[in-house]
Amino acid sequence: MSATTVQPGQAVQVTLQGGPGNLRDWVGLHSSTALDTSYLDWKYLNGTRTVPTTGLTSAALTFTMPTTAGTYSFR
């Protein structure tokens with residue numbers, strides 16, 4: 001992933017490739033200084049909060065960034 005500057009509240013797409021394909025793999029949006037357990041939003045690799053029927057190794061997920069300016073990361 002490369003660093004990107006976006007406007008607060010803007011939608012961004014996160015692309016994942018080469019994942020292990022576990023059924024419950026997910027991506028979280030975090031404040032860059034937050035612990036892994038402190039996420040602001042999250043999605044399974046199918047783009048929802050419903051467990052997919054099969055494990056996925058790649059995904060293109062859309063997240064809406066927080067309205068508070070800051071530094072965030074996807075993990």
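Visitor: Which residue has its backbone oxygen 3.3 Å from a polar atom of the side chain of His-30?
Guide: In this predicted model, local features need pLDDT of at least 70, side-chain atom pairs count only at pLDDT 80 or more, and totals for chains, interfaces and linings use all residues. Residues are numbered from 1 along each chain as its sequence is written, and side-chain values use heavy atoms, with hydrogens and water left out. A polar atom of the His-30 side chain lies 3.3 Å from the backbone oxygen of Ser-38.

Visitor: Is His-30 buried or exposed?
Guide: Buried means under 20% relative accessible area, exposed over 50%, and partly exposed in between, with a 1.4 Å probe and protein chains only. The relative accessibility of His-30 is 2%, so His-30 counts as buried.

Visitor: In which strand is His-30 found?
Guide: Strands (E, at least two residues) are DSSP runs, numbered from the N terminus. The run of residues 26-31 holds His-30, and this is strand β2.

Visitor: How many helices and strands are in the chain?
Guide: Helices are DSSP runs of H or I with at least four residues. From the N terminus on, the elements run β-β-β-β-β. The chain has 0 helices and 5 strands.

Visitor: What is the radius of gyration of the chain?
Guide: This radius is taken over C-alpha atoms, and the globule rule is 2.2 Å times the number of residues to the power 0.38. For 75 residues the rule gives 11 Å, and the chain is as compact as a globular protein of that length because its radius of gyration is close to that, at 12 Å.

Technical notes: A polar contact is a pair of N or O atoms within 3.5 Å; within protein, one must be able to donate a hydrogen and the other to accept it, and residues adjacent in sequence count only if both atoms are side-chain atoms.
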